[in-house]
Every structure is written in structure tokens, then in C-alpha cells.
Amino acid sequence: MDASMLAADDLRCATLFSRLSHNEIDALIPIVREQTLAKGATLFLEGEPMDGLYLVISGWVTLFRDTPAGQRVVIRVFGPGETLAEAALFLDSTYPASGEVAEDARLAFIDRVAFERLLAVSPRVATGMIASLAVHLRALTVEVEQLKVRTATERVAAFLLACCPVQRQARCTFDLPYDKNLIAQRLGMQPESLSRTLAKLGEHGISVDRKRVTIDDPDELERSVGSGAFSRSASS
């Protein structure tokens with residue numbers, strides 16, 4: 001497969017561009033700049049002028065803010081096919097938070113001015129923008145609900161289930177997508193609490209060896225999370 005075709009497929013997998021025709025994707029390719037960045041690289045800092053948006057092709061990127069006390073608050077972690085910073089386009093302002101590469105990542109950067117020109121001539125890009133923002137809002141709503149309603153054990157179990165391959169087998173094995181400290185921040189926990197919870201989940205057929213996770217019976221674990229079994233065990 002040639003390089004241009006690969007770029008087209010990468011762009012088409014994003015919610016933002018999924019409604020575009022082949023010709024519209026081809027028109028988008030010239031304004032996209034590919035970047036390969038290592039873990040820890042800074043994409044932008046809170047308060048900097050918004051000069052473009054990012055599409056994650058592979059790897060993971062975290063959006064965060066630092067409190068005056070020096071505590072890092074993770075707003076969201078973005079993975080393949082997701083875009084970030086598009087909301088700031090409408091505000092004509094600065095980046096509202098900071099972006100950092102959580103795991104080695106391949107990204108597509110789209111210049112703000114060029115993208116605004118594309119929006120002006122392609123209504124379907126604007127429709128994709130609305131759909132992408134709606135997906136982000138729904139994901140944030142789910143995460144806030146989980147933080148407020150679910151126990152720590154339920155949050156960790158639900159996160160691990162979400163990491164299982166889509167076509168999962170009776171027994172599911174996978175690598176954690178990023179380091180445990182970031183997982184703890186995303187789930188509203190301290191790293192030591194995450195470690196204790198992972199150990200506790202060993203009673204439910206989950207084993208963790210560094211980044212490697214095995215779930216003996218994902219369906220049973222999903223039923224336990226959905227039925228509130230972990231909540232009852234925590235309160236008993």
C-alpha cells in the first residue's frame with residue numbers, strides 16, 4: 001500500500017472524517033502533517049495559542065491540567081481514531097488544557113487556518129466535527145458517572161473489560177494500554193489503591209503480570225460489574 005493510501009485510511013478511521021467521500025479525504029491529505037513522538041513529549045500547553053488539532057493514529061495522548069498545588073488532573077486519555085483540541089477552534093482562543101504523549105504515538109496534525117478553510121467549503125467536515133464533539137461529551141459523561149457512582153473495584157474492572165479485544169474469547173489476554181500511574185489518575189485513584197484493587201480482583205479471575213493482564217471469564221466479570229456485586233461486597 002502506498003503512503004498516500006495509508007494516510008487516507010488513517011484519516012477515514014477518525015470520527016471527525018468518517019463521513020467524508022474519497023475525494024474529500026484526498027483534499028484533506030495535503031494539509032495534514034504526520035508526527036511520530038515519544039512518550040512524554042508535549043503537544044501543547046494550557047494557555048498557548050491554538051494553532052491546530054491532532055488526530056491520534058496510534059499510541060495514546062493525555063489531556064490534563066495542573067492545579068496551583070502542583071497536582072495533575074487528567075481530563076481524558078485519547079487513543080487511535082480520536083481527535084483532540086477541535087473544540088478550541090470554535091472559541092478562537094488558547095488551548096484550555098495541556099496535551100502530552102502517554103505512550104509512543106503517531107499523530108496527524110492539522111493546521112488551524114487550513115482546517116477552517118476546509119470547513120468553509122465542506123459541510124460534511126462540519127458534520128463530522130459535531131459528531132466528534134458529541135462522542136467526546138458522551139465519553140466524559142460516562143467517566144464522570146463512573147467516578148461518582150461506581151466503587152474503585154467496579155471502575156478498575158470496567159476499565160479492564162474495555163481493554164479486552166472486541167472479538168474476545170472465553171479467556172482474554174492483553175497488555176495495559178499505558179502505565180499504571182496514568183490509569184490510576186484516569187480512574188480517580190492513587191497508584192497504591194490501584195495496585196491493591198488489581199490484587200483484590202485476583203479473586204475474580206484476573207491476573208496481572210506487569211503490563212500483561214489475563215481475565216479468565218470476561219462475561220462473568222461483566223455480569224458482576226453490571227449487577228452491582230462489587231458494591232455489595234464492598235459494603236458487607
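Modeller: Two residues are in contact when heavy atoms of theirs lie within 4.5 Å. Of the contacts in the chain with a separation of 6 or more, 72% are between residues 24 or more positions apart. This is a predicted model, in which local features need pLDDT of at least 70 and side-chain atom pairs count only at pLDDT 80 or more, while totals for chains, interfaces and linings use all residues. Residues are numbered from 1 along each chain as its sequence is written, and side-chain values use heavy atoms, with hydrogens and water left out.

Biologist: What makes the radius of gyration of the chain agree with that of a compact globule?

Modeller: The radius is taken over C-alpha atoms, and the globule rule is 2.2 Å times the number of residues to the power 0.38. For 236 residues the rule gives a value near 18 Å, and the chain has 19 Å, so the two agree. The C-alpha trace spans about 60 × 45 × 30 Å along its principal axes.

Biologist: How many helices and strands are in the chain?

Modeller: The chain has ten helices and nine strands. Helices (H or I, at least four residues) and strands (E, at least two) are DSSP runs, numbered from the N terminus.

Biologist: Why is L11 called buried?

Modeller: Buried means under 20% relative accessible area, exposed means over 50%, and partly exposed is in between, with a 1.4 Å probe and protein chains only. L11 has 3%, therefore it is buried. By the same definition, buried residues make up 43% of the 236 residues in the chain.

Biologist: Where is L11, and what is it in contact with?

Modeller: L11 is in helix 1 (residues 3–12). Beyond its neighbours within four places in sequence, L11 contacts F17, I25, L28, I29, V32 and L55.

Biologist: Why is G52 called buried?

Modeller: Its relative accessible area is 0%, so G52 is buried. G52 belongs to strand 3 and, leaving aside residues within four places in sequence, contacts A85, Y95, F109, I110, D111 and R112. V113, 61 residues from G52 in sequence, is 7.8 Å from it, C-alpha to C-alpha.

Biologist: What makes T62 buried?

Modeller: A relative accessible area of 4% makes T62 buried. T62 lies in strand 3 (residues 52–66). Not counting residues up to four places away in sequence, T62 touches V74, R76, V77, S98, G99, E100, A102 and L182.

Biologist: How do you know that the buried residues of helix 4 line one face?

Modeller: In helix 4 (residues 112–121) the buried residues are R112, A114, F115 and L118. Seen down the axis, they fall within an arc of 160°, so they line one face of helix 4. The arc is that of the directions from the helix axis to the C-beta atoms. On the other side of helix 4, R117, A120 and V121 are exposed.

Biologist: What puts the buried residues of helix 9 on the same side?

Modeller: P218, L221, S224 and V225 are buried in helix 9 (residues 218–227). They cover an arc of only 120° around the axis, so they are on the same side of helix 9. An α-helix has 3.6 residues a turn, so residues three or four places apart point the same way. Just after helix 9, G228 has a positive phi of about 80°.

Biologist: Why is R210 called exposed?

Modeller: R210 has 71% relative accessibility, so it counts as exposed. R210 is in the loop between strand 8 (206–209) and strand 9 (212–215). R210 takes a positive phi of about 60° although it is not a glycine.

Biologist: Why is K200 called partly exposed?

Modeller: K200 has a relative accessible area of 36%, so it is partly exposed. K200 lies in helix 8 (residues 191–200), and its C-alpha atom is separated by 8.3 Å from that of T153, 47 residues apart along the chain.

Biologist: What makes S18 partly exposed?

Modeller: S18 has a relative accessible area of 38%, which means that it is partly exposed. S18 lies in the loop between helix 1 and helix 2 (22–28). S18 and V125 are 107 residues apart along the chain, and their C-alpha atoms are separated by 9.0 Å.
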